[in-house]
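Thanks for coming, everyone. Have a look at the screen.

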Amino acid sequence: MFFPVICSEGISFSLLSELAELDGIELISLIIAAVLAIVLIVAVAVYVKNSANKSELSGRPQNKTRNLVTAAMFVSIAFVLSYFKVFSMPFGGSVTILSMLPITLFAAWYGPAYGFIAAFAYSLLQMIQGVWIVHPVQFVLDYLLAFTVLGVASFFPKKVALGVAIACFARMLVSTISGAVFFGEYAADYGFSNAWAYSFCYNATTIGIEGVLCVIAAALPFTKRLREQLVK
């Protein structure tokens with residue numbers, strides 16, 4: 001079973017053998033990622049179970065087919081927006097035109113069951129734009145978990161802007177962990193002596209800035225009217 005890696009050297013290596021060699025901070029990062037994923041799965045399961053018979057909850061649409069079609073539409077919009085970049089950083093990361101907004105709004109409006117599915121689908125689509133992989137754990141953090149956590153907005157149906165803010169911050173937090181562990185060696189190039197401070201500031205200038213813009217957009221009256229139309 002092999003895990004393909006696409007980077008400037010075009011290296012390929014085995015996922016299982018790499019995972020077996022993990023130790024120290026890399027192993028801790030993998031454990032944290034796994035725990036976060038499990039917590040998200042359990043949270044979604046509990047939330048769905050508790051609200052299964054409450055169709056009136058926050059006025060969320062209940063038609064499964066229509067919800068999946070809407071999910072595909074929102075994911076597609078987010079994917080298209082991700083190509084429109086205001087600026088990009090040299091080692092990855094960029095500020096796009098609100099590409100996180102469609103995913104977080106959909107999650108908040110349609111609930112965790114659909115929200116996390118859409119967020120995970122979006123994470124897979126991000127790989128089409130190109131992947132930079134230096135380690136299996138870094139791949140999981142930067143491409144799978146970082147985008148899937150946008151579904152966290154689904155837990156804030158009545159405070160959409162807050163949910164969008166928390167979801168965007170969660171993505172920045174995951175990327176900060178990855179950056180500090182796997183790209184901390186570049187901290188000195190940017191005048192930082194601490195890898196964590198470097199990674200936080202690096203991601204704050206991309207994900208953080210875009211996150212603020214997404215929160216502002218989520219709070220606009222137009223966004224509320226759009227939700228009302230979708231619910232109808």
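Start at Cys-214. Cys-214 is buried, with a relative accessible area of 0%. Buried here means under 20% relative accessible area, exposed means over 50%, and partly exposed is in between, with a 1.4 Å probe and protein chains only.

Before I go on, the ground rules. This is a predicted model, so local features need pLDDT of at least 70 and side-chain atom pairs count only at pLDDT 80 or more, while totals for chains, interfaces and linings use all residues. Residues are numbered from 1 along each chain as its sequence is written, and side-chain values use heavy atoms, with hydrogens and water left out.

Back to the cysteine. Which cysteine sulfur is closest to that of Cys-214? The one in Cys-168, at 4.7 Å, and that is too far for a bond. A disulfide is a covalent bond between the sulfur atoms of two cysteines. The rule used here asks for a pair of cysteine sulfur atoms within 2.5 Å. The structure holds 0 disulfides. Cys-201 is partly exposed, with a relative accessible area of 32%.

The protein chain has a mean pLDDT of 80, and 72% of its residues reach 70 or more. Over residues 1–16, the pLDDT is below 50. That stretch still has 26 contacts in the model beyond near neighbours in sequence. Contact means heavy atoms within 4.5 Å.

Now the overall layout. The protein chain has 9 helices and 4 strands. These are DSSP runs, numbered from the N terminus: helices are H or I with at least four residues, strands are E with at least two. From the N terminus, the order is β-β-α-α-α-β-β-α-α-α-α-α-α. Of the 232 residues in the protein chain, 45% are buried. Take the contacts with a separation of 6 or more: residues 24 or more positions apart account for 70% of them.

Two helices to look at by length. The expected span is 1.5 Å times one less than the number of residues. Helix α3, residues 64–81, has 18 residues and should span 26 Å; its end C-alpha atoms are 26 Å apart, which agrees. Buried residues in α3 include Asn-67, Phe-74 and Phe-79. Helix α7, residues 160–182, has 23 residues and reaches 33 Å from first C-alpha to last, close to the 33 Å expected. In α7, 17 of the 23 residues are buried, so this helix is largely enclosed by the rest of the structure.

Thr-176 is buried at 6% relative accessible area. Leaving aside neighbours within four places in sequence, Thr-176 is in contact with Trp-196, Ser-199, Phe-200 and Asn-203. Ser-199 sits in helix α8 and is buried at 2%. Beyond four places in sequence, Ser-199 touches Ser-175, Thr-176, Gly-179 and Ala-180.

On to the aromatics. Rings of Phe, Tyr and Trp (its six-membered ring) pair if their centres lie within 6.5 Å; planes under 30 degrees apart are stacked, over 60 edge-to-face, and the rest tilted. How many aromatic pairs does that give? The count is 11. In one, the ring centres of Phe-116 and Phe-155 are 6.0 Å apart and the planes stand at 55°, so the pair is tilted. Phe-116 is in helix α5 and Phe-155 in the loop between α6 and α7, 39 residues apart. Phe-116 is buried at 9%, whereas Phe-155 is partly exposed at 24%. Tyr-198 and Tyr-202 form an edge-to-face pair, 5.7 Å centre to centre with 65° between the planes. Both lie in helix α8, 4 residues apart, about one turn of the helix. Ring pairs also link Phe-74, Phe-106, Trp-109 and Tyr-110 into a cluster.

Definitions and conventions:
pLDDT = per-residue confidence, 0-100.
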